[in-house]
Amino acid sequence: MYHEPSGPPGGPGDKRLSQAEQLLECATAAVPFSSTHGQACVSLPLGPDGQQVFPLRSDRFRDWLVNRFYSQYELPPDDRSLRQALRTLEARAHCSGQRLPVERRIAAVGPGSHPTQPAGRLVLDLANDQGEVVEITGDAWQVAPGANVYFRHSRGKLSLPRPAQTADPPAQLDALRSCLNLASEAPNQPGPSRRSGWLRCLAWLLAALRPTGPYPILILNGPPGSAKSTAARLLRALVDPSTAPLCSLPSNERELLTLAWHAWVLAFDHVARISPRLSSALCRLSTGNGFGLRERYDEREALRFHLQRPIILTVPINGRPDFTPRPDLAARALTVELPPIQPEHRRTEADLWSDFEQARPGLLGALCTALSAALRGAPPGPGATRLQTLPFFADAAAWAVAAAPALGVSQDEMLAALAPAPPKPADPVVLALCDFIRDRSDWAGPATELLALLQPAAGAAWPRTPKGLSQHLIKLAPSLEAAGVRIELSQSHGRRRIKVAHLHPPSATPNVSRPQNQSLGDAVS
């Protein structure tokens with residue numbers, strides 16, 4: 001449909017507009033710009049002072065533009081005109097001469113875009129209908145309109161409640177602790193050592209509200225009925241609520257990175273095993289990984305993004321170690337063990353979530369207060385305390401230690417809770433295989449022969465069949481690699497064949513220990 005002309009067609013008074021031009025008129029409220037990654041984006045007004053940001057080629061912006069056109073002209077635009085309008089807006093975005101950062105859920109604003117620099121601050125996206133954010137500095141925090149910070153919104157992204165100021169953040173956080181089935185809550189087990197699970201959850205929450213990584217991977221493990229999935233949903237709801245808070249672990253790295261592109265926190269439920277390739281992908285995503293994205297209808301060079309994401313894994317324990325993280329994943333993980341829930345302590349999910357939703361504004365306010373303390377105390381902040389020893393995820397640990405006073409926890413107690421767990425005694429098969437390969441460069445043969453050659457320690461649990469030995473070695477692969485031994489399993493003519501070889505050097509520092517008076521170094525040349 002065209003506007004009524006005010007003169008003869010083609011003359012100077014002809015004001016008829018093509019449908020593509022009408023679409024551009026409908027898009028006057030949208031502000032096109034280019035992100036720092038080179039992606040064409042558009043900012044749409046939200047509420048009195050807020051805004052929402054979408055990629056210009058996204059379905060959500062197309063829906064918005066088509067709806068605006070239909071509301072004004074009462075007919076849908078044709079595909080050719082829609083493509084012309086979008087291409088024009090994209091050209092305006094790329095030629096605007098200004099690239100702006102587009103973040104997810106949390107951003108740093110200030111010199112160098114790092115929150116702990118002087119005058120730096122954090123901005124937390126509430127993603128509500130008013131476009132509000134929480135601005136956090138080293139002195140205080142407040143809810144403000146988000147007109148000057150750009151956050152990308154996905155379809156599954158849910159809003160956070162407006163945080164509530166609280167005079168006693170540690171007491172407020174106890175409401176969250178009562179909702180989590182942590183070992184520290186077990187009766188007749190007092191003492192600071194029982195708080196390590198709770199402090200690790202707090203450290204992960206604070207790291208997930210930090211705009212830059214590396215991020216520790218939170219592993220929640222326990223037997224069936226220990227509320228691992230519920231704990232993961234509660235923790236994610238405090239940072240990055242979503243319509244689908246938990247999902248299964250993807251089968252490949254590409255699917256994993258696609259999930260990371262559309263969400264801030266990734267939570268994978270019931271992870272019984274992880275392939276070596278996917279384990280490495282999780283490690284790279286926690287510390288930072290490059291990601292190529294080719295937008296639809298675009299034949300140009302793919303966009304390149306640097307992704308870092310907080311991750312949660314829930315791991316079932318069914319009376320045997322089904323899941324043994326590889327050494328590189330274990331070094332990046334904060335593991336929290338959840339005990340079985342006794343019948344007298346069980347609660348309905350409706351009752352649990354009712355209490356949580358009532359406490360959620362105060363919980364978010366308490367976390368914002370802790371983030372303000374972290375801005376003051378984390379290096380290179382103005383009140384930074386230098387720590388002599390830090391775990392593998394040093395930045396997240398320093399961040400949590402700096403926030404410890406606002407959590408009612410001493411810095412030493414927080415640092416002790418984040419220290420790596422002492423190594424567990426080595427599996428007898430690991431010890432026997434290390435002794436076996438000590439004087440050999442490598443060995444290959446059937447599982448039946450290897451089972452006969454290995455010498456188990458007296459009284460040790462031992463596989464009884466060649467098939468049992470092969471299955472046991474598959475589970476022990478990470479521990480064996482940490483000890484400097486690599487195994488390869490194959491099957492030929494119905495017989496299982498095993499190849500054992502040294503790694504030079506070992507892939508990681510050994511994470512297993514021998515019994516007293518027997519060092520692992522004695523078994524590995």
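Visitor: In which helix do tryptophan 353 and phenylalanine 356 lie, and how many residues apart are they?
Guide: Both belong to helix α10, which covers residues 349-377, and they are three residues apart, about one turn of the helix. Bear in mind throughout that this is a predicted model.

Visitor: What makes the pair of tryptophan 353 and phenylalanine 356 edge-to-face?
Guide: Planes over 60 degrees apart count as edge-to-face, provided that the ring centres lie within 6.5 Å. The centres here are 5.4 Å apart and the planes stand at 85°, so the pair is edge-to-face.

Visitor: How many aromatic pairs does the rule give, and what makes the one between phenylalanine 33 and tyrosine 150 tilted?
Guide: The count comes to five aromatic pairs. In the pair of phenylalanine 33 and tyrosine 150, the centres are 4.7 Å apart and the planes make an angle of 45°; stacked would need under 30 degrees and edge-to-face over 60, so the pair falls to the remaining class, tilted.

Visitor: Why can the pair of phenylalanine 33 and tyrosine 150 be said to tie together parts that are apart in sequence?
Guide: Phenylalanine 33 lies in strand β1 (residues 31-35), while tyrosine 150 lies in the loop between β8 (141-145) and α4 (169-177), so the pair joins parts that are 117 residues apart in sequence. Phenylalanine 33 is buried at a relative accessible area of 4%, and tyrosine 150, at 19%, also counts as buried because the limit is under 20%.

Visitor: What does valine 149 contact, leaving aside its neighbours within four places in sequence?
Guide: Valine 149, placed in the loop between β8 and α4, is in contact with Gln51, Ala107, Val109 and Val123. Its relative accessible area is 12%, and it is therefore called buried.

Visitor: How do you know that the charged end of arginine 104 sits over the ring of tryptophan 261?
Guide: The charged end is 5.8 Å from the ring centre, and the rule asks for CZ of Arg within 6 Å of that centre and within 35 degrees of the ring normal. Arginine 210 likewise lies over the face of tryptophan 399, at 5.0 Å from the ring centre.

Visitor: What makes the peptide bond from glycine 213 to proline 214 cis?
Guide: Its omega is near 0°. Proline 214 has its place in the loop between α5 (196-208) and β9 (217-222).

Visitor: How many disulfides does a search of the whole structure find?
Guide: The search finds zero. As for individual cysteines, cysteine 26 counts as buried at 2% relative accessibility, and cysteine 283 counts as buried at 4%.

Visitor: Where is confidence lowest and where is it highest?
Guide: The protein averages a pLDDT of 81, and 81% of the residues score at least 70. Confidence is lowest in strand β19 (residues 512-513), at a mean of 42, and highest in strand β10 (residues 266-268), at 96. Over residues 185-193 the pLDDT is below 50, and beyond near neighbours in sequence that stretch has six contacts in the model. Where pLDDT is low, the predicted coordinates should not be read in detail.

Definitions and conventions
Residues numbered from 1 in each chain as written. Predicted model: local features only at pLDDT ≥ 70, side-chain atom pairs only at ≥ 80, totals over all residues. Heavy atoms only, no water. Disulfide = S-S within 2.5 Å. Buried < 20%, exposed > 50% of the residue type's maximum accessible area, 1.4 Å probe, protein only. Helix = DSSP H or I, 4+ residues; strand = E, 2+ residues; numbered from the N terminus. Phe/Tyr/Trp six-rings, centres within 6.5 Å; stacked < 30°, edge-to-face > 60°. pLDDT = per-residue confidence, 0-100. Contact = heavy atoms within 4.5 Å.
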